[in-house]
Amino acid sequence: VNERVAAGGLLRAIPPMSELLVHPAVVQLAARTSYEYARERLRAAVDELRVELARGTVELGTGDLLDSILSRLACAPRRANLRRVVNATGVVLHTNLGRAPLSQRAVEAVARIAASYSNLEYDVEAGRRGSRDVHGEDLLCEVLGCEAAVVANNNAAAVMLVLNTLASGGEVPVSRGELVEIGGGFRIPEVLERSGCRLREVGTTNRTRISDYERAIGPDTRALLRVHPSNYRIIGFTGRPTRAELVALGRRTNLPVVEDLGSGCLVPLGAVGILDEPLCGDVVADGVDLVTFSGDKLLGGPQAGIVAGRRALVEAVRRNPLMRALRVDKMVYAALEATLLSYIEGRADEEVPAIRMLRLSAAVIEERATRLASSVDGRAGLRATVVRGSSVAGAGSAPASELETVLLAVAADWGGAERLASRLRDTDPPVIGRVEHDRVMLDLRTVEPADDGTVADALIRARPGD
Ligand SMILES: *Cc1c(COP(=O)(O)O)cnc(C)c1O
């Protein structure tokens, strides 16, 4: 009780921001950088001190407070801003947590290529300058059965490149049911506009017919676009033309058919309950002229946008000057090619973490969750049990599919679930869970087994003062 009073007194004795901001050390920092930067650093230093005082992890007299703040301010930021976290949310492709973790094989390829010179833009055989936009192409053709492919920075870039290349200055009909917003600012109407094309809306929100596209085609039409509805579903009285109908219309009218697949699923995942994702290879086989999809969604590779399909169209995309601005780094090629090799060798289930996690059975997760629950239950003020729940693919992939899982459900006698979740985020590496029914729910589907111990440690150390 005494300590708390003391801590409370110290907290109240922290000088106000108005006073700190005019201290010569702060004024100097502001002159060297900017006022805003100095104010932010100061605020962070004060916040850090507050947290430590409240936890009782520092012992100071009221006279030491200013010095403590100034010395925190003087320390340069001590660690990189981008850090590893443990994803215990059960969202396999968590966009906020960096989407797909890379395979060991991809990580090794990145390290090898990044630390050395490479043939990034060099033709080793001929001994002269080569093209960089061809990396990944052979493997993509092998996996997808397409004529050609090129890699851009992400799928948003891939869609822009394709539309700008094929349809700039012209019109593109899109079904009203597919004018989606993916999140993070990707909205089909705006992407079309920024690509220099005019959107021609066809059909209605819930039903669009092939005749709607047919009627919309005119002298300015440059391409037909089909978009994966990604993160939402229209159910009930609905309809849209089949892919085959759209392809046939494209052939008849001499217009390229483009499909933005979003997720880019390469192997059937029906067995784990993901039924509504078309396979990229099937879409190419159906005759769509160009498909685009992400590298870090269901493919389980690095952030990238893949454009695949007919040779002449892919070549046109390559020649687009925008390609220079939207191209990828050598590390991305290295990671993507290594990931594709896992698929080609039929080893994606074991080697690609996203696929491996999606395929984990509830029974295997239950075994790990039960072991973890018994190792923390009754310790450090915790009650831990296991409960049934569901995981999701995430990143707009298969929003209607839920994967059966078993959650570790934890409550603490020293604080509510939000407080426990926040303390878990405060550990290093932060452990990210979710709060449901007044408990912290941790889904081990998205935790590497090697990190089960990290999660247990974080739980045990979560109690303030421990
Ligand atoms: C995710 C998604 C995008 C954007 O892909 P990024 O790789 O995040 O740029 C575009 N279209 C669809 C249909 C998507 O699902």
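**From a loop residue to the ligand**

Asp-438 is exposed, with a relative accessible area of 67%. Exposed means over 50% relative accessible area, buried under 20%, and partly exposed in between (1.4 Å probe, protein chains only). This is a predicted model: local features need pLDDT of at least 70, side-chain atom pairs count only at pLDDT 80 or more, and totals for chains, interfaces and linings use all residues. Residues are numbered from 1 along each chain as its sequence is written, and side-chain values use heavy atoms, without hydrogens or water.

Stay with Asp-438 for a moment. Its phi is near 60°, a positive value in a residue other than glycine. Asp-438 sits in the loop between strand 16 (434-436) and strand 17 (439-443). Helices (H or I, at least four residues) and strands (E, at least two) are DSSP runs, numbered from the N terminus.

Ala-380 also has a positive phi, about 50°, and is not a glycine. Is Ala-380 buried or exposed? At 13% relative accessibility, Ala-380 counts as buried. Its loop runs between helix 18 (362-376) and strand 13 (382-391).

Helix 18 has 15 residues. From first C-alpha to last it reaches 21 Å, close to the 21 Å expected at 1.5 Å a residue; the expected span is 1.5 Å times one less than the number of residues. Which residues of helix 18 are buried? They are Ala-362, Ile-365, Arg-368, Ala-369, Leu-372, Ala-373 and Val-376. These residues cover an arc of only 135° around the axis, so they lie on the same side of helix 18. The arc is that of the directions from the helix axis to the C-beta atoms. On the other side of helix 18, Glu-367, Arg-371 and Ser-374 are exposed.

The bond from Asp-428 to Pro-429 is cis, with omega near 0°. Pro-429 lies in the loop between helix 19 (417-425) and strand 15 (431-432).

Now step back to the whole protein. It has 20 helices and 17 strands. The C-alpha atoms fill a box of roughly 85 × 55 × 50 Å along the principal axes. Of the 466 residues, 48% are buried.

Next comes the ligand. Which residues are around it? They are Arg-99, Asn-154, Asn-155, Ala-156, Ile-182, Phe-186, His-228, Ser-230, Asp-260, Gly-262, Ser-294 and Lys-297. Each has a heavy atom within 4 Å of the ligand. By class, the shell divides into three nonpolar, six polar and three charged residues. Ala, Val, Leu, Ile, Met, Phe, Trp, Tyr, Cys and Pro count as nonpolar, Asp, Glu, Lys and Arg as charged, and the others, Gly among them, as polar.

Look at individual atom pairs. A nitrogen atom of the ligand is 2.6 Å from a side-chain N or O atom of Asp-260. A side-chain N or O atom of Ser-294 lies 2.7 Å from a ligand oxygen atom. At Ala-156, a backbone N or O atom is 2.9 Å from an oxygen atom of the ligand. Taken alone, the ligand exposes 390 Å², and the protein buries 94% of that; the areas come from the Shrake-Rupley method with a 1.4 Å probe. Helix 8 (155-167) and strand 10 (257-262) are the elements that give two or more residues to the shell.

Ala-156 also points the way to Gly-185. The two are 29 residues apart in sequence and 9.8 Å apart in space, C-alpha to C-alpha. Gly-185 is in the loop between strand 6 (181-183) and strand 7 (186-187). At 55% relative accessibility, Gly-185 counts as exposed.

How values were computed. A polar contact is a pair of N or O atoms within 3.5 Å; within protein, one must be able to donate a hydrogen and the other to accept it, and residues adjacent in sequence count only if both atoms are side-chain atoms.
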